[in-house]
Amino acid sequence: MVAEPQLSDERKASVARALSSFFSDEFDEDLSDFRALEVVDFLLDQIGPSQYNQAIIDARAYFLEKVEDLDSVLYVPEKL
């Protein structure tokens with residue numbers, strides 16, 4: 001099963017508002033809600049997979065480090 005990066009409707013709308021504000025402030029250009037949402041969809045399609053994959057790589061490295069450290073954290077010496 002392959003997960004596709006997705007945003008909730010609320011998050012997508014929030015990002016679109018931020019994008020519209022950015023375009024207005026930086027480029028003096030107004031984006032309609034439709035255009036802003038299209039740009040968000042485009043960017044999610046273009047960079048979402050690489051960011052998702054990097055997050056998986058980072059999470060895997062984190063958990064592997066924690067698993068390797070289990071012996072030092074949970075090891076109980078045997079009594080002779």
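Mentor: Happy to. Let us begin with Glu29 and Arg35, whose side chains meet in a salt bridge with N to O at 3.4 Å; the term stands for a side-chain nitrogen of Lys or Arg within 4 Å of a carboxyl oxygen of Asp or Glu. A word on the source: this is a predicted model, in which local features need pLDDT of at least 70 and side-chain atom pairs count only at pLDDT 80 or more, while totals for chains, interfaces and linings use all residues. Residues are numbered from 1 along each chain as its sequence is written, and side-chain values use heavy atoms, with hydrogens and water left out.

How covered are the two partners? Glu29 is partly exposed because its relative accessible area is 30%; buried means under 20%, exposed over 50%, and partly exposed in between, with a 1.4 Å probe and protein chains only. Arg35 counts as partly exposed too, at 43%.

By the salt-bridge rule the count comes to two. Besides Glu29 with Arg35, there is Lys12 with Asp41, where the closest N and O atoms are 2.9 Å apart. That pair links distant parts of the chain, as Lys12 sits in helix 1 and Asp41 in helix 2, 29 residues apart. Helices here are DSSP runs of H or I with at least four residues, numbered from the N terminus. Asp41 has a relative accessible area of 30%, so it is partly exposed.

Stay with helix 1 for a moment: it spans residues 9-27 and holds Asp9. Asp9 is exposed because its relative accessible area is 62%. From Asp9 to Glu26 there are 17 residues in sequence and 25 Å in space, C-alpha to C-alpha.

Glu65, Glu68, Asp69 and Asp71 gather in a negative patch on the surface. Patches take residues with over 30% relative accessible area and no salt bridge, joining like charges within 9 Å and nonpolar side chains (Val, Leu, Ile, Met, Phe, Trp, Tyr) within 5 Å. Asp and Glu count as negative, Lys and Arg as positive, and His and the chain ends are not counted; each charge is placed at NZ of Lys, CZ of Arg, CG of Asp or CD of Glu. Glu68 belongs to helix 2, residues 33-68, and counts as exposed because its relative accessibility is 67%.

Helix 2 also holds Val67, which is exposed because its relative accessibility is 53%.

Finally, the rings. The whole structure has four aromatic pairs, meaning rings of Phe, Tyr and Trp (its six-membered ring) with centres within 6.5 Å; planes under 30 degrees apart are stacked, over 60 edge-to-face and the rest tilted. One of them is Phe22 with Phe27, edge-to-face at 5.6 Å centre to centre and 85 degrees between the planes. Phe22 is partly exposed at 42% relative accessibility, and so is Phe27 at 49%. Another edge-to-face pair is Tyr62 with Phe63, at 5.3 Å and 80 degrees. Tyr62 is partly exposed at 45%, whereas Phe63 counts as exposed at 53%. Ring pairs also link Phe22, Phe23 and Phe27 into a cluster.

Notes: Areas by Shrake-Rupley, 256 points an atom, 1.4 Å probe, with all protein chains shown as cover. Helix = DSSP H or I, 4+ residues; strand = E, 2+ residues; numbered from the N terminus.
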